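User: I would like a close look at one part of this model. Please keep it brisk and give the cut-offs.

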Amino acid sequence: DGQIVDGFYDANKDDGTLAQLAKVHACIRQLAIDTGDNFEDLKFEVKKMSGLCVAKEINGEKFLVCKSLSKCSKEELGLVIETIIQIGDTVGINFR
């Protein structure tokens, strides 16, 4: 009584290509260089904006759990690339 059991299951294919991963990392690195931000911080923000993060609450403490880019499907990495293009448009960098 009084306990909450929380489970999260995610069925996916990790069929993203190496070319997609390379593009994502190269673009994030270029964003970091051009904006002066930290690479890991930008990667985290891109993941959040792409919908790869899930908010969890455990014992009243909130966490944000993000999926690894290496475990993403082609479609998910496509969304990440679109997010990066939109960010680039905002800051004046052409990632097309």
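Which residues does Val24 touch, not counting residues up to four places away in sequence?

Analyst: This is a predicted model, where local features need pLDDT of at least 70, side-chain atom pairs count only at pLDDT 80 or more, and totals for chains, interfaces and linings use all residues. Residues are numbered from 1 along each chain as its sequence is written, and side-chain values use heavy atoms, with hydrogens and water left out.

Val24 touches Leu69, Val80, Ile81 and Ile84, leaving out residues up to four places away in sequence. Contact here means heavy atoms within 4.5 Å.

Val24 also belongs to the largest nonpolar core, which has 20 residues. Such a core is a set of buried Ala, Val, Leu, Ile, Met, Phe, Trp, Tyr and Cys residues joined through side-chain atoms within 4.5 Å. Buried means under 20% relative accessible area, with a 1.4 Å probe and protein chains only. Val24, Ile28, Leu69, Val80, Ile84 and Phe95 have the most contacts inside this core. α1 (18-35), α2 and α3 (74-91) each supply at least two of its residues. Helices are DSSP runs of H or I with at least four residues, strands are runs of E with at least two, and both are numbered from the N terminus.

Val80 leads on to Ser50. Beyond its neighbours within four places in sequence, Ser50 contacts Leu79, Val80 and Thr83. Ser50 lies in the loop between α2 (39-49) and β1 (53-58). Ser50 is buried, because its relative accessible area is 13%.

Notes:
Buried means under 20% relative accessible area, exposed over 50%, partly exposed in between (1.4 Å probe, protein chains only).
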